[in-house]
Amino acid sequence: MALGQLTNQIVLMFVLMLIGVLINKVGFMHTQTSNDLTNILLYIVSPCLIIGAFEQTYSAARMKQLMLVCVGICFFYIIEILIAKFSFGRISNIDLQRITKYGSIYSNAGFMGIPLTSALFGNTGVFFAVASLAGFNIFSWTHGVSLFKTTKKHPDHWQNFREIIINPNIIAIFVGLVIFLLSFQLPTPVDRVIHYVSSINTPLSMIVIGNSLGNIRISRQLIDWHLWLAIFFRNLLFPIVAMFILQALTVSGVALDTTVLMAACPTAGLVVLFTLQAYGDASPAVALMSLSTILSLATIPLVFAVMMAF
């Protein structure tokens with residue numbers, strides 16, 4: 001993939017985000033509207049995009065690459081967790097400790113990764129991107145949630161398992177795998193509906209993210225050096241680690257580009273939600289998510305420049 005093509009697409013994404021910021025500033029999108037659009041993206045649009053990506057003839061070579069990607073994702077999540085624990089485990093402020101751990105490990109795979117992948121690589125890219133999306137949901141709703149537990153009670157493993165299983169994107173992945181393995185062709189009317197709905201994923205996702213950024217208020221007190229270290233890990237170090245692991249596993253082509261792209265996305269917005277659910281101070285989480293997102297305009301092309309050098 002040409003670096004210029006990637007940069008142009010990211011710039012386009014940020015233009016869409018700026019439209020979202022503008023919509024926020026003129027008061028066209030209120031909190032409830034943003035929540036409703038988020039639910040539409042999560043429960044309807046993204047699953048349609050995933051199912052559509054799997055609607056293709058079965059290929060053993062492609063399936064092998066997908067399995068290797070899954071193995072690589074498990075490896076680099078474990079490495080990320082260990083590095084984050086060592087780097088941020090001694091922070092005395094429990095909110096900041098949780099936020100930096102989670103924020104450095106988990107990327108905005110769904111809301112930014114999938115739209116960017118779809119725009120750059122089409123259905124082939126989304127096919128491989130679902131591995132990253134599944135890995136994000138599995139690790140985020142197990143390890144990620146555990147970071148924000150406020151009591152010493154045993155974690156509710158059934159609740160975490162249920163959150164993973166009922167996630168509409170995970171359901172769509174299972175449905176899509178069946179379609180791919182059987183080389184099943186959906187009826188034409190259903191296929192058209194899925195593709196029409198999928199087409200709004202990229203612009204709507206970016207506008208919703210931009211609307212969220214429009215609410216940001218960052219003070220100097222929030223720019224703790226730990227946040228900057230977390231941003232360095234999330235935006236640069238961890239994607240590069242993922243690249244080397246995938247290359248060692250002989251992952252190549254669109255599978256490699258897509259997975260590295262998903263890993264290079266900025267901090268997941270769930271860091272704010274989990275902090276609020278733990279009754280913590282969400283200000284550092286908002287700052288981390290916002291700065292990571294803004295800086296990804298430069299860091300994603302930089303990660304791919306490093307990959308091209310190797």
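Predicted model: local features only at pLDDT ≥ 70, side-chain atom pairs only at ≥ 80, totals over all residues.

Visitor: How is empty space found at all?

Guide: Rolling a probe the size of a water molecule over the atoms shows where empty space is left. In this model, the largest pocket has a volume of about 1400 Å³. Its lining is made up of 50 residues, and those closest to the centre of the pocket are Thr38, Phe111, Gly269, Leu270 and Leu273.

Visitor: Which elements give two or more residues to the lining of the largest pocket?

Guide: They are helices H2 (31-54), H5 (109-146), H7 (168-182), H9 (201-213), H12 (270-277) and H13 (283-309). The most comes from H2, which gives nine residues.

Visitor: How many residues of that lining are nonpolar, polar and charged?

Guide: The lining of the largest pocket has 25 nonpolar residues, 23 polar ones and two charged ones.

Visitor: How many cavities of 30 Å³ or more does the structure hold?

Guide: There is one of 30 Å³ or more. The largest cavity has a volume of about 90 Å³. Among the residues that line it are Ile73, Phe76, Tyr77, Glu80, Ser132 and Arg234.

Visitor: Which helices supply at least two residues each to the lining of the largest cavity?

Guide: Helix H3 (60-88), H5 and helix H11 (253-263) each do. H3 gives the most, with four residues. By class, the lining of the largest cavity has seven nonpolar, three polar and two charged residues.

Visitor: Now the helices. How do I describe a packed pair?

Guide: Two packed helices are described by the angle between their axes and the distance between the axes. Take H5 and H11: their axes cross at roughly 170 degrees and come within 8 Å. H5 and H11 are therefore roughly antiparallel to each other, since angles over 145 degrees count as such. The contact of H5 with H11 has twelve nonpolar residues, seven polar and one charged.

Visitor: At what angle do H4 and H12 pack, and how far apart are their axes?

Guide: Helix H4 (residues 94-105) and H12 pack at about 155 degrees, and their axes are 10 Å apart. That angle makes H4 roughly antiparallel to H12. The crossing of H4 and H12 is right-handed.

Visitor: Which residues of H4 and H12 meet?

Guide: From H4 come Ile99, Tyr102 and Gly103, which meet Leu270, Val271, Phe274 and Thr275 of H12. In the contact of H4 with H12, five residues are nonpolar, two are polar and none is charged. Leu270 was also named among the residues closest to the centre of the largest pocket.

Methods. Residues numbered from 1 in each chain as written. Heavy atoms only, no water. 1 Å grid on protein atoms, 1.4 Å probe; cavity = no way out; pocket = protein on both sides within 12 Å on 5 of 7 lines; lining within 4 Å. Points joined across faces, edges and corners; volume = space filled by probe spheres on them. Nonpolar A, V, L, I, M, F, W, Y, C, P; charged D, E, K, R; others polar. Axes fitted to C-alpha atoms, helices over the stretch in contact; angles between N-to-C directions. Parallel < 35°, antiparallel > 145°, perpendicular 65-115°, else oblique. Left-handed = near helix turned anticlockwise from the far one by under 90°. Contact = heavy atoms within 4.5 Å.
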